[in-house]
Every structure is written in C-alpha cells, then in structure tokens.
Amino acid sequence: MIDRLCALAIARRRWVLAVAALVFLLAATFGVPVVGILKSENSDFQDPAAQNQQVLRAIERATGQTATYGVVALVPVAGDHRRSIPHSVHATGSTGLPSGQPSDAATQSQSARVVALLARQPGFQRAIDYPATHLPELLSRDGRLTLVLAAYANRDYSTHAVEHVRPLAGPGVRFGGNDVAFNQINKETSSDLQRAEMLAFPILLLLSFWVFRGLVAAALPLLVGGFAIVLTFLLLRFVDATVTPLSIFAVNLVTGMGLGLGIDYSLFVLARYREELAGGADVRAALGRTLHTAGRTVLYSSLTVAGALASMLVFPIRFLYSMGVGGAIVALCAGAVTLLVLPAVLVALGPRINSLAPARLQRSAAANAHASEDGAWYRFARSVMRRPGLVAMATAAVLLIAALPSLRVELTPADAHVLPASAEARQVAQTLTEDFPVDPSQTITIVARAPAGASRQLAAIAGRAQRIAGAQAQLAPPRYLGRSTWQIELQPRGVEGSAANQGLVKRLRTIAVDGTSSPLLVGGATAWFVDQKAAISAHLPLALAILAIVTGGFLFLMTGSLVLPLLALAMNLLTVAVAAGLLVLIFQDGRFSSLFGFTPIGGLEESNLVLLFILAFALSTDYGVFLFGRIKEAHDGGLTAREAVALGLERTGRLVTAAALLFCVALGAFTTSHIFFVKQLGVGVPLAVAIDATVVRALLVPALMGRLGEWVWWAPRPLRRLHARFGLSEGPVPEPSGA
C-alpha cells in the first residue's frame, strides 16, 4: 500500500491536488454548517434506557405534555427590589420554610404578569406560581423572591418564550431552568469555538514557523489540520442526519484534535523528508523512504488513536459516543490527508519546501536533519541510562505523588452550574440552592402503572415512600395522570445529586409494588445523576478492555514486542492518573481558579472525565508510536537496545516536544471556554500531553528500556510468527516507481 501511495504522489500529483482542492471546497461548504446544526440536550448525558428517562416518557405519554418544567423565573416580591438575585442564606424556622409570608397582593402583581406573558408564547403547556398554589417551596426563605415554573412543548419553544418575555417581565426578573441553561450552553459552545480558533491559529502559525524553520513548511501542517477538520465536519453531518443524532460538543473535540493531529503527523513526515533530502536523496527517493518509515508510523498512529477513541462508542450516552465518532473520524481523516495529499504537495514543492526561511533557520533545519552522538537528546538519553533504575524509581515516585489527589475525586452532574458565574441561568440555579428551602424544579418523581381505581395500592406505595424518605423529603399525594399511569412527587431537601438524595433514590427503587402491572419507576434530577453514573460504570470495563486491546495490539504489530505494549499501557495509565490528580487540585479544589477564570462547582463532571481519560490515553499512545517506531528502526538496523533508545530519542525528542507544544496550544485554546467541562478538557488534555511528552517519554521510558535492555523486544514464539506475517518491519526501503 505504501508503494502505491508513493507512486500516486509522484505520477499523479496534479490529479491528487485537484481532487483534494475540490473535496476541500465541498467539505467546507457542506460540512462547516454542522456547527449550527448540532445541539446540546440534557439527555446528551443519559442512557435512553435509564429509569429516569423512562419516567419522562411515561408521563409524556399519559399527559401529552412534557414531564418537567424547563423554565424557572425568579420574581422579586412587588415593592421590594433591594436585590434581584440574593446570594446569602437567611434564617429559617425549624421546618426550613420561609420565615416570613408576603401577602397575596404583594406577590400577585409580579407573578401574574410573568405567568400571563409566558402563557401567551407558542408551545406553552402549563405554569405554577406561589399566589395560585401557596406552595411554600415557591417562596424564598426571606419572602423576597417567588418562583414561576413553566413548561413548553420543547426547548426551542422555551428559549423563544424567554427571549420574548425577558424584556417585558419587569425589573429584577431572572430566567433559568434546564431549557434555558442548555440553550446558553449551546450558544457559549459556538462562541467558544470561534474564540479558540481565532486564538489558536495565529499562535500555531508562529510556533510552526519556529519549529519547521520556514514559512512554507509551517503552513503545511495547518492546511493538513484544516482539511481534516472540514472533512470530519462533513462526515459528522452525514452521521447526524442518517445514523444517530450527535452532540454539539463533538465539534470542539474535532477542532482541537484535527489541528493537533494534523500538525503532529505533518511534523513527523516533513522532518523525515528533510532528513532524507539532507542525506543526499532526490525528491522521489526521499519521499519513498519517508512514506516507508514515517508514513507507515503515521498510518499505525492514526489507526491506534481512532481505535482508542472508538472505545467510547460502547457508551449509550450521546455525549460520549459523539466524542467517539468525532475523535475516530478526525484521527482517520488527519492520517488520510497526511498520507494522500501531503506527499503530492511535497513532490510539487520539491526543494522549495525550505523556502521563505531566514538563512540562520535554514542552517538550523539542516543541522536538525542529521543525527549525531553529540546531539543534546542523545547525550541526555545516555545519561538517563547510566543509572536507569534510580531514574525510573525517582521519576515514578514523583508522578505517583502528583497522581494521589485523583483518589479523592468528587463527581458532579452537568447542569446550569457548568455555565460561567455571570450567566443568568447559573445565577438562578445558585439562588435556588442558597435562598430557597428546596428547588421545586428538581423533584423526585415516582411513576407506577396501575388502573385508575388503584388508589388504595398507590396510597400504600406513597406511605412506604414517605417512611423511607422521612424528613429528607416532602411527599405529595398520588395523582392519576391517565392511561393507567400514576405519579407521586417528593420534594427533597438539599441540592440535587447530594449523597443523601442519591441514597434516597436508591432506597425508593427498592419498594415492592403490590397490585400494579409493572415495576415502580423513580426519576427526577437526582435519579438523572444516579443513572448517569450507573450507565458509565456498567460500560466502562468494556471500553477499557477495547482501549487496552486496540492500543496494545497496534503497538505489538508495530514493534513485535510483548513487553513494549505492556510498558506503554502502564505509562499511559500513569500519565492519565497524574492529569486526573492535577484536575482535582485545579477544578475540584479551586486552586488557580482565578488564573483559569472559573468558579469551582465542587467536583468534576463524570462523562467529561471519561472522555479526558480516553483522549489522554490515546494521545499518549500516539507519541509512544513515534518514539517506539524510531527506536525499532534503529534496533532493526543493528544497534544494541541502549544505542537504539538513545538514537531514537535523538531523532524524536525535539519533534515530540514540538508536537506536544503545538498540540497543547491547539487544545489549550479551549481554556478560554466559558463552559466548565470544556475548560476542564482544555486544561486536562494539554497537561496530560505535556507530562507524557516530557517527563514520561524523556525520563521514564528511556530509563525502563535501558534497564530492560534486549528483554524489551521479547515476545513468545507464536506472537513472533504472527508479527512476521502481519507486523511492521523496518527493512530496506524499495526505490519508488512512477514517472
């Protein structure tokens, strides 16, 4: 296959470039609009088969309306506008309910106006407020704020209603709720993407100029990355329209990964191409040797990264499998563009690849193209391997200490709190948490299937539920919704997702249902969090198994060693653990929160933590592929194990460091995001990449390989035969064919 790619680039370069230009234009025209097509929903973080989702569907079938109130309006009591969104907790009575009760007249004027305005909007279904219901949970502890809860047919109607009502609602009225929060998340995600692109591209261009030592060479990786991104956007639009709906967050991952992998792959191909030219080869011979070495490594790397990210497809959660789809596609697209289009560009440019570079930079590039035992990375590797055991133990100890905070990670759901502190929906959510005895929009809902006349059985179920809940929740009487569906609502105290409320949900799900035709279902906001964790826990072992088999399998096919894949897996796990520990310190504990511009929310979002784990693992393998590939080439050439490690690090040390720096900029641009878990991704992945490319690849891996010596290439005889038939072998490179 490599021979055919080489012949295609040499003999049909004009045809390849013309087709590539056409594909790029089509992908940009029809693919880029996917940014406005994909959306974010609360259900993106849920298994559709989860019990809380079954509750929503059962209520919607029975009533013909949405099951939850997606809009929450905070309304100040008439005559008291001293603060519209309070942030202090006031004294309460023993019941935790408001200590002062305003008159109906005081609240009626404002609440009635808001309800009337909301009711006039398209898609309106129902609303509740304090004057109409006298529900104490709709009133703040100090009596200065009341709530209006409204339900609409879908989120589009909700957001349309809020946009039209907000300027008419009066002073001090604020709007939040799940529908409003996720609409703001969508808007922030789109603006964050544009901001990240505007920030990353000029920095990447400057850094690429410094790394590649020339303007022409520096532009090629960005073109490869941009091509991979728009091509992936086109494929994402196709998948979203024909296979399964995808989440908007996949767009952020595709942008960062496309730039990062495009730069990485181009960097290694261009460096090897320049190395071959500096060795005296002509353009065609240099390209042939480049594709048979660096090109083949790029092929293995793209397949490994794609396979690792595809492990997220086992999760039934849309957020995660969307990331798996986007990440796998962009890795394959980056590899395809590097192997199909970039060689044709190199042939077309010829020696002009080094043009538009100052003479000093050209001399530096020429010096970097020659391996030398006097090179800094070679000397560094030899010094590490003089005392490999000591270096390995010291480095591992430091990394393990840095990873210790990961043992106390706390998980938090994805809700309005992931928005910036200035966002209206987050302010409303914060006020509900701090100033109201309970959050009436976050109930625990019990649904049972029973005939309309089964009130006695349902009363018994309600009694059991109340005994289980005790003082933890207030229970409303069972209500018949129609179509053999009954509903019991509990208003829990404390915040949604708290340990006490999670325990309450689990206990309620143990209630035996006598005289009903189907099991009891328990849903609501806390059940949402419980079910999300259960779905991830149930599928995580399979995802990890796929991750280990794919990455270990490709590394074995590339190296022929059983020891190296196991070593790589251990190093990747250590890298991920260190990154998780640093995330706990930064995002959970709030250290450097002012530097990164966020307000801590008490933990890390679980699905995003899974994404970060798999992504960091895949990228660590990516850099391992390039390092091990060059070491294997040197070892196959007859060098001893330690000499091969030193020469491999000399050849890849600068490249891996530069690639990691550029990748950190590409994904680190998302630290400017206003969405908590996107910022978490923008910090966590660059940290993992930086740790892996420096400490792990420069210290720990050479030390361990130096300590193991020739044993690092060991494999049992059956596996050696398997590798001889299917694996990568760095033998003599054939001359390229083609006119």
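This is a predicted model: local features need pLDDT of at least 70, side-chain atom pairs count only at pLDDT 80 or more; totals for chains, interfaces and linings use all residues.

Modeller: Residues are numbered from 1 along each chain as its sequence is written, and side-chain values use heavy atoms, with hydrogens and water left out.

Biologist: How many residues of H23 are buried?

Modeller: Helices are DSSP runs (H or I, at least four residues) and strands likewise (E, at least two), numbered from the N terminus. H23 covers residues 606-636 and reaches 44 Å from first to last C-alpha, close to the 45 Å expected, where the expected span is 1.5 Å times one less than the number of residues. Buried means under 20% relative accessible area, exposed over 50%, and partly exposed in between (1.4 Å probe, protein chains only). H23 is largely enclosed by the rest of the structure, because the number of its 31 residues that are buried is 28.

Biologist: Which residue forms a salt bridge with Glu-276?

Modeller: A salt bridge is a side-chain nitrogen of Lys or Arg within 4 Å of a carboxyl oxygen of Asp or Glu. Glu-276 is buried at 13% relative accessible area. At 3.0 Å, N to O, the partner is Arg-272.

Biologist: How many residues apart are Arg-651 and Glu-275?

Modeller: The side chains of Arg-651 and Glu-275 meet in a salt bridge of 3.2 Å, N to O. This pair links distant parts of the chain, with Arg-651 in helix H24 (residues 641-668) and Glu-275 in helix H10, and the separation in residues is 376.

Biologist: What is the relative accessible area of Arg-449, a member of the patch of positive charge?

Modeller: Patches are made of residues with over 30% relative accessible area and no salt bridge, like charges being joined within 9 Å and nonpolar side chains (Val, Leu, Ile, Met, Phe, Trp, Tyr) within 5 Å. Arg-449 gathers with Arg-57, Arg-61 and Arg-483 on the surface, and is found in strand E6 (residues 444-449). Arg-449 is partly exposed, and its relative accessible area is 36%.

Technical notes: Accessible areas come from the Shrake-Rupley method with a 1.4 Å probe; for residues, only the protein chains shown count as cover. Lys and Arg count as positive and Asp and Glu as negative; His and the chain ends are not counted. The place of a charge is taken as NZ of Lys, CZ of Arg, CG of Asp or CD of Glu.
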